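Here are my notes for you to read next to the model. Please have the coordinates open as you go through the points.

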Amino acid sequence: MIFPKLIYTFFVAMIPAVEVKGAIPFGMALQLAPWQAYLMALCGSFFVVCFLAFFTHWFYVECKKHGFLKRFIGWIDKIVTKNKDKIHKYGPLAIFAYVAVPIPGTGTWTGSIIAGVLNMRPGITIFCVMCGNAVAGDDRDAGKFRRYSFDFTIVNVQSGIETGMDITKKTGS
């Protein structure tokens with residue numbers, strides 16, 4: 001059945017730090033076609049981006065006003081302060097570029113939070129973050145994994161069976 005695999009990939013793409021770049025190989029390890037893994041990963045990220053685009057600024061303001069989550073808000077302030085000049089100079093293009101660069105920590109969650117804290121309009125935030133996300137996890141990324149077959153085996157520590165992940169290069173592809 002393919003439906004559960006699609007749903008798993010969708011949910012994995014929602015996890016911070018994993019996002020599209022981790023959900024694509026995850027979906028392919030579940031034997032999804034690269035395009036299926038890519039589309040489900042984008043759909044999962046889209047759900048997160050929509051939520052963050054509409055609620056981040058409100059949440060940020062309320063936390064600052066009432067002094068909640070001081071450590072988390074301090075972390076957000078640090079990220080926003082570091083990137084504020086670039087974002088104000090280049091506008092939505094900066095959010096797109098920030099999300100599109102395939103560097104750890106520059107994904108949909110961080111890009112959406114930065115845009116929300118800077119009170120960017122939700123429609124613009126969604127468009128810029130999703131375009132950047134599509135570039136970051138595009139088919140070239142999925143293409144890297146087409147040449148490999150993934151075989152996940154369960155590790156049973158109690159019985160002492162030594163198993164793991166076997167990645168073997170396909171021949172003729």
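Helices (H or I, at least four residues) and strands (E, at least two) are taken as DSSP runs and numbered from the N terminus. The model is predicted, so local features need pLDDT of at least 70 and side-chain atom pairs count only at pLDDT 80 or more, while totals for chains, interfaces and linings use all residues. Residues are numbered from 1 along each chain as its sequence is written, and side-chain values use heavy atoms, with hydrogens and water left out.

1. **A nonpolar patch.** Have a look at the surface first. Phe-51, Phe-54, Phe-55, Trp-58, Phe-59, Phe-68, Leu-69, Phe-72 and Trp-75 form a nonpolar patch there, with about 990 Å² of accessible area together. Patch members have over 30% relative accessible area and no salt bridge; like charges are joined within 9 Å, and nonpolar side chains (Val, Leu, Ile, Met, Phe, Trp, Tyr) within 5 Å. Areas come from the Shrake-Rupley method with a 1.4 Å probe, and for residues only the protein chains shown count as cover. A salt bridge puts a side-chain nitrogen of Lys or Arg within 4 Å of a carboxyl oxygen of Asp or Glu.

2. **Where the patch comes from.** Helices α3 (34–66) and α4 (70–90) each supply at least two of the patch residues. The largest share, 5 residues, is from α3. Phe-54 sits in α3 and counts as exposed because its relative accessibility is 52%. The classes are buried under 20%, exposed over 50%, and partly exposed in between (1.4 Å probe, protein chains only).

3. **Ser-112.** Is Ser-112 buried or exposed? This residue of helix α6 (residues 108–117) is buried, at a relative accessible area of 0%. Leaving aside neighbours within four places in sequence, Ser-112 is in contact (heavy atoms within 4.5 Å) with Val-49, Leu-52, Thr-56, Thr-125 and Val-129.

4. **Val-99.** Helix α5 (residues 92–100) holds Val-99, which is buried with a relative accessible area of 1%. Not counting residues up to four places away in sequence, Val-99 touches Thr-106, Gly-107, Thr-108, Gly-111, Val-129, Gly-132, Asn-133 and Ala-136. The C-alpha atoms of Val-99 and Cys-131 are separated by 8.5 Å, though the two are 32 residues apart along the chain.
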